Amino acid sequence: GPPGPPGKLSPEEWAKIRDTINRLAQEFRPELQRLGADIKSVQRVLKKIDQRLAALEREVRRVRTTGEVIPIVKSTDSTKGTPSDINAKGISSQPIAVGYDTTLRIVHRAGKNAVAGLELNALRTVTGAPFIGTSAVEGIAPEVRLWKAYVSVWKKNRYLLTMGDFDLRLTKFTLSEPDPDFYTRIRRDDDRAYTLRGVRLHYRLGKIRLAAALARSRPNFDNARLGSWSLTNFLTALGGAPTEPVVMAARATMPFKALRRGTLGATWLRLRDRQTDKNADIWGADIELSLTKRLTLRGDYAEADTSEFPSGSDTDNAAYDVALGWAAGGPLYLGVGYRRVEQNYYAPGDWGLGAAASWRRAVDYKGYYATASYRLASNLSLGATYADYDQITGPNKFKRTLIRVNWRPTKKCTVLAGLEQNKIENAVTWTDSYYTLRLRYSFNPTTSLDAVYQYVDQEYDPTN
């Protein structure tokens, strides 16, 4: 059978075991003492290593490095001479040309409430290659440029102060670049912000949010990146000096309760010619109001006073946009709006100062637009916009059509397809059609792929 429990030791047996342990302890006492000292020494070394590793981990977390590489492949072909696109930019037949736009960003956490950032950019365009709508960047030799360097400090829920280079965007009318997706630079300009050098402050005063900036533009960067959209070229087109303008901007927003809830905003922008001390002022106001649970009203208004410049004006210089949106319930959204931009509304972003047929910043028109979106499934949605405008001072007509499809087959992959067609009907008919296919794939939290293919078709019909 199984063995029974061990028997109890007698007092004599316990005494023998105790004597043996004491004898061994006395015999090996020197070795045990040395071993204890060594263990304490090892523990001290391990503690120091742990402290150094913790400090290194904290430092690594302070520095974050991100970047992107954008290869750009272009080719054009003309079947009828040398056409121009809708912005009057010449297009000639060219073989396939390859360029790139590479960015490296390094952000260092300098303290609990401060960061320092650095952004390097390497841009390569190909001489003679077509860059539709942005001819100013053609032929730039490959170079690495310091795009941004800045320091930001903040206090939570109170203020954020940035010194150095920063992006500034206000409202759609006062300071916002044209939609860049029709042009060469697919990614960099998507935020529609101008990059300036100076000081920017965001401050929260109760429920009121304030923002202010005092800065200068950087023409050696912006002229190449934006062409006629740059702030320097904007003042030059008005008759100012071709120098870096001083930029002064302020914006305030405040929530309020009326019907349900709403937000009021006010914006002021001044561009000052440093050589002539002349100013171009653009100011505006905007509102967003929830009329009901499903009905939202949005409005934007702006005026541009550029009368101090030879080509400026302070009459017929207003722009406004009013839109009503209705979330019909479930996956459907509908919206209608009315827009009017007068012929002398001169503001940054080529408003009124580019080609007469420019769709990027068209002026001298008024009319209605409608938009709709529908979610067919949790990973598939459709959207469409149609605008029908008339010229304020003449017989021309402007029509715009947008169709968008957004499909997410997996959690990591998104496919976007779209068509945009812009048509201007006057003595001649201009039609620009943009067919775009875009794939975004996320390999992991730090690495992703964004591939865009765009086919652009320009048609010019002198016989209408």
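Two residues are in contact when their heavy atoms lie within 4.5 Å. By that rule, residues 24 or more positions apart account for 55% of the contacts in this chain with a separation of 6 or more. The structure is a predicted model, and the values below were computed from it.

Start with the chain as a whole. It has 464 residues, and 35% of them count as buried. The secondary structure consists of 4 helices and 19 strands. The chain exposes about 26,300 Å² of surface, and carbon and sulfur atoms supply 57% of that area.

Next, look inside. The largest nonpolar core holds 38 residues. Within this core, the residues that touch the most other members are Leu168, Leu196, Leu269, Leu271 and Tyr345. Helix H4, which covers residues 231–238, gives the core its largest share, 4 residues.

Strand E7 (residues 208–216) and strand E8 (residues 246–256) run antiparallel and are joined by 8 bridges. In this pairing, Ala215 has Val247 of E8 as its bridge partner. Strand E8 also pairs with strand E9 (residues 261–272), again in the antiparallel sense, over 11 bridges. Here Pro255 stands opposite Thr263 in E9.

Charged side chains provide another kind of link. The structure holds 15 salt bridges. In one of them, the side chains of Arg216 and Glu244 meet, with N to O at 2.4 Å. This pair links distant parts of the chain: Arg216 is in strand E7, while Glu244 is in the loop between H4 and E8, 28 residues apart.

Glu244 forms a salt bridge with Arg274 as well, the closest N and O atoms being 3.3 Å apart. This pair too links distant parts of the chain, 30 residues apart, with Arg274 in the loop between E9 and strand E10 (279–290).

Are these side chains buried or exposed, or something in between? Buried means under 20% relative accessible area and exposed means over 50%, so a value in between counts as partly exposed. Glu244 has a relative accessible area of 22% and is therefore partly exposed. Arg216, at 35% relative accessibility, counts as partly exposed. Arg274 is partly exposed with a relative accessible area of 37%.

A further salt bridge joins the side chains of Asp390 and Lys397, at 3.0 Å from N to O. Asp390, at 31% relative accessibility, is partly exposed, and Lys397, at 35%, is also partly exposed. Elsewhere, salt bridges that share partners join Arg216, Glu244 and Arg274 into one network.

To draw the parts together, strand E8 pairs with E7 and with E9.

Methods. Residues are numbered from 1 along each chain as its sequence is written. This is a predicted model: local features need pLDDT of at least 70, side-chain atom pairs count only at pLDDT 80 or more; totals for chains, interfaces and linings use all residues. Side-chain values use heavy atoms; hydrogens and water are left out. Helices (H or I, at least four residues) and strands (E, at least two) are DSSP runs, numbered from the N terminus. Buried means under 20% relative accessible area, exposed over 50%, partly exposed in between (1.4 Å probe, protein chains only). Accessible areas come from the Shrake-Rupley method with a 1.4 Å probe; for residues, only the protein chains shown count as cover. A nonpolar core is a set of buried Ala, Val, Leu, Ile, Met, Phe, Trp, Tyr and Cys residues joined through side-chain atoms within 4.5 Å. Two strands pair if DSSP finds at least two bridges between them. A salt bridge is a side-chain nitrogen of Lys or Arg within 4 Å of a carboxyl oxygen of Asp or Glu.
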